[in-house]
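Dear colleague,

Please find below the structure I am handing over to you. My notes on it follow.

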Amino acid sequence: MHRLLVPLDGSALAEAVLPTAIELGTALAADWILVRVVAPPPSAWAAASPDWGPVAVWEAEELGTQDVQRAAQDYLEEVRRRMPFPERVTVETPAGPVLTALIKAAADQQATLMAMSTHGRGGLNRLVMGSVTDMVIRLSSVPVVVVRPSVVG
């Protein structure tokens, strides 16, 4: 467990995993890989798809793709500076659907563990909205630690 991948989307919910990821990474003497997926300009169906992520869809509509890529990189660099050992943090901004990009990033970066937050949706909400976290758990080739924040401010 020496490479810990942490998906972030810029939301307080996603960042709620950081204390757990920092604690795990420190205890395991692991390096961190912060990932923010950049969605290409969305089509009409993408806005309703949970796989694209609401933050990425909104940003892609408001900004050009290169601006979105730069904003994602800047965001991850800011998070990296807050980490206890920033020299052990890599940042990645892959493009594409969130699920596909996260699975590919884990493989490309040789991650040995992934830590992410979840909304914890269940029942009808989960059926309608889907769950990127659930699909990552099912499809990832590495173990996934999931944090469900009770309150995100």
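A residue is called buried under 20% relative accessible area, exposed over 50% and partly exposed in between, with a 1.4 Å probe and protein chains only. By this rule Phe-85, at 29% relative accessibility, is partly exposed, whereas Trp-32 is buried at 0%.

This is a predicted model, in which local features need pLDDT of at least 70 and side-chain atom pairs count only at pLDDT 80 or more, while totals for chains, interfaces and linings use all residues. Residues are numbered from 1 along each chain as its sequence is written, and side-chain values use heavy atoms, without hydrogens and water.

The chain has an average pLDDT (the predictor's confidence in each residue, from 0 to 100) of 80, and 73% of the residues score at least 70. Over residues 44–49 pLDDT stays under 50, as it does over residues 54–58. Where pLDDT is low, the predicted coordinates should not be read in detail.

There is one aromatic pair (ring centres of Phe, Tyr or Trp, the latter by its six-membered ring, within 6.5 Å; planes under 30 degrees apart are stacked, over 60 edge-to-face, the rest tilted). The pair of Trp-32 and Phe-85 is stacked, because the ring centres are 6.4 Å apart and the planes at 10 degrees.

Two charges sit over rings (NZ of Lys or CZ of Arg within 6 Å of the ring centre and within 35 degrees of the ring normal): Arg-88 lies 4.7 Å from the ring centre of Phe-85, and Arg-36 lies 5.0 Å from that of Tyr-75.

Kind regards

Terms used: Contact means heavy atoms within 4.5 Å.
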